[in-house]
Amino acid sequence: MVAFSRKFCTTRSPLFSHKQLFVPQERQQNQPFIPLSQLQQRKLLESQLISVLHGCNGLKQIKQVHAHLFRKGLDQCCFVLTKLLRMLTKFDVPMDPYARLLFDQVKRPNPFLWTAFIRGYSLQGPFAESVLLYNCMRREGTGPVSFTFTALLKACTAALDVNLGRQIHAQAISIGGFANDLYVGNTLIDMYLKCGVLDCGRRVFDEMPDKDVISWTSLIVAYAKSGDMEAAARLFDGLPEKDMVAWTAMVTGYAQNGRPREALEYFERMQDVGVETDEVTLVGAISACAQLGAAKYANWVRDVAEQSGFGPTKNVVVGSALIDMYSKCGSVEDAYRVFEAMSERNVFSFSSMILGFAMHGRADAAMRLFHEMLKTETKPNRVTFVGVLTACSHVGMVEQGRHLFATMEECYGVSPSVDHYACMVDLLGRAGCLEEALKLIKKMPMEPHGGVWGALLGACRIHGNPDIAEIAANHLFEIEPNAIGNYILLSNIYALAGRWDDVSRIRKLMREKGLRKNPGCSWVEAKKGVIHEFFAGDMTHPKSNEIKRALEDLLDRLKEHGYLPNLSSVAYDVSDEDKKRILMTHSEKLALAFGLLSTNVGSSIRIVKNLRICEDCHSVMCGASQITGREIIVRDNMRFHHFRDGVCSCGNFW
């Protein structure tokens with residue numbers, strides 16, 4: 001680093017001492033008299049040089065302008081030099097040595113030139129240098145401007161140094177009341193929010209005399225990221241003029257916090273008031289549709305995308321999101337039509353489509369697309385391999401999965417991550433290779449996360465292995481001590497093995513921890529796309545009596561075709577009659593009965609469930625698809641099941 005020749009910059013003192021709080025204003029300098037015509041010519045030349053600098057496309061041209069400044073006697077002109085410094089920053093030219101030497105040669109830099117230099121370090125680093133420059137500036141007697149503080153605060157934000165930011169905040173208040181400046185206030189909010197101090201950001205906002213949409217939106221986004229959508233909504237309602245960015249913050253905030261209904265409500269309101277939509281808004285709405293799994297909303301959002309000029313044929317980001325959406329709404333065929341229509345495809349497009357095929361049990365299609373991808377210039381990434389390994393897992397392609405996992409780094413340059421290990425544990429576990437799966441976990445080069453042990457625990461549920469289940473569950477109890485699903489799954493495994501004392505022990509542990517089971521919940525899409533929600537054992541729906549009669553009639557017809565209730569699907573030590581009663585009111589059965597009542601004969605019934613579908617409900621769905629002639633599509637928390645003519649797409653392998 002080239003040292004400053006200014007005497008006042010040779011000593012690096014603490015940021016602010018009490019002697020620095022009151023610094024005399026810059027002394028008036030005796031300026032030589034310049035005739036008016038010469039002054040006009042000089043101003044014209046300065047304006048021309050500013051214009052030339054604005055059009056520069058690199059360091060070489062900037063240096064040519066700098067040389068011209070010397071020839072014209074403007075080497076002390078802070079106005080032009082400020083622009084020159086900002087252009088150096090624009091092209092990422094390091095502050096040392098060129099910019100520092102340039103600045104060092106100016107005898108009396110004004111506040112704007114100081115600020116341009118401070119800004120350079122705040123953007124490029126080292127960030128501490130911008131604060132040292134501020135100290136030098138104040139010791140020389142030059143007063144800061146609002147942009148000085150915005151530059152310093154951006155340096156604090158980049159360094160995530162909230163304590164230094166608080167000192168700068170105090171300086172902004174004590175020196176000229178700059179904290180009331182709109183731009184300084186917004187930068188303060190941004191600094192506090194990015195440093196994770198939301199309450200301080202809110203206090204700055206509340207104390208600002210003037211606010212703009214940036215002030216409001218910054219806080220709305222911060223509340224959304226923290227999961228407090230109620231606070232975000234209150235702020236949004238108070239925003240005088242709501243632009244696209246503010247609306248998008250609400251749509252994406254609700255979507256990212258798992259509240260798809262509210263996300264789509266805000267998106268619909270946004271359309272009603274005529275606010276323009278961009279790809280970010282659309283991706284948020286598309287994500288909400290994917291979570292909800294409703295075809296009606298999916299087609300509507302796609303129409304909005306087309307009308308807004310962001311259709312999948314033109315926009316690869318929206319196209320990739322639509323592929324994921326249609327896949328999660330149960331229509332992998334529509335997803336593939338979007339994929340085929342895209343004029344541009346990238347790794348996300350391919351990966352989304354491969355994952356779509358995988359979750360629908362279309363392993364052959366997933367593998368064909370993967371090999372087609374390898375023939376293009378698009379290289380597979382981490383997500384691509386999650387997709388192909390998931391495809392192998394869902395149909396039991398063990399050897400192919402082993403080969404892909406073994407060669408993904410050597411052949412494709414993708415190092416196996418913890419998620420890929422989770423896929424392999426799931427693949428091996430589902431195929432019954434529980435010991436091999438456990439050995440693979442022990443050999444992992446990184447610490448296994450909950451997904452890895454959860455895959456093993458789920459496999460133990462399929463194959464009824466309580467011993468390995470205990471090992472997996474004990475790790476999960478450490479990693480996810482309050483995840484009730486792990487306790488329930490282990491309890492169910494014990495119940496299947498008839499180990500009721502262990503069942504009681506796990507349930508006692510759940511009570512001691514204050515954990516409550518999430519009730520089974522299913523959604524079914526009725527006529528006109530209206531979504532109806534059902535909870536296990538809950539018969540409070542307005543049409544409950546009709547649903548009960550339709551379900552009883554369906555089960556009677558199934559019994560004539562050989563159906564017998566799978567009582568092992570009830571993990572309670574109760575009588576067989578009680579088990580039959582519990583099975584009858586599983587949420588997906590209630591949703592199925594309502595779907596049969598409320599949709600047109602011959603149309604598909606689409607059900608989304610928050611938990612894994614049980615064996616008995618799976619059997620009922622298979623039989624119902626045969627005796628009613630309906631396609632029944634069930635999306636549980638693991639995958640899709642397409643029931644047609646008495647057969648499920650999963651081949652009873654789930």
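Is K328 buried, partly exposed or exposed? In this predicted model, K328 counts as partly exposed because its relative accessible area is 26%, a value that falls between the limit of 20% for buried residues and that of 50% for exposed ones. The partner of K328 is D324, with which K328 forms a salt bridge whose closest N and O atoms are 3.4 Å apart. Both residues belong to helix α17, which covers residues 316-328, and they are separated by four positions, or about one turn of the helix. D324 is likewise classed as partly exposed, because its relative accessible area is 24%.

Side chains of opposite charge can pair when their charged atoms come close. In one of them, the side chains of K609 and E588 meet with an N to O distance of 2.9 Å. Since K609 lies in strand β3 (residues 605-609) and E588 in helix α31 (residues 587-598), this pair ties together parts that are 21 residues apart in sequence. With a relative accessibility of 9%, K609 falls under the 20% limit and therefore counts as buried, and E588, at 0%, is buried as well.

In the other pair, K589 forms a salt bridge with D616, and the closest N and O atoms are 2.7 Å apart. Here the link runs between distant parts of the chain, from K589 in helix α31 to D616 in helix α32 (residues 615-628), across 27 residues. K589 counts as buried because its relative accessibility is 1%, and D616 is also buried, with a relative accessible area of 1%. Salt bridges are also joined into a network, in which D467, E470, R499, D502 and R505 are linked.

T187 is found in helix α9, which runs over residues 182-194, and its relative accessibility of 10% is the reason why T187 counts as buried. When residues up to four places away in sequence are left aside, T187 touches T150, L153 and K154.

Most residues other than glycine have a negative phi. L160, however, has a positive phi, near 50°, although it is a residue other than glycine. L160 is placed in the loop between α7 (146-159) and α8 (162-174), and it counts as exposed because its relative accessibility is 56%. D645, which is not a glycine either, has a positive phi of about 50°. The loop that holds D645 lies between two strands, β5 (640-644) and β6 (647-648), and D645 is exposed, given a relative accessible area of 61%.

How values were computed
Residues numbered from 1 in each chain as written. Predicted model: local features only at pLDDT ≥ 70, side-chain atom pairs only at ≥ 80, totals over all residues. Heavy atoms only, no water. Buried < 20%, exposed > 50% of the residue type's maximum accessible area, 1.4 Å probe, protein only. Contact = heavy atoms within 4.5 Å. Salt bridge = Lys/Arg side-chain N within 4 Å of Asp/Glu carboxyl O.
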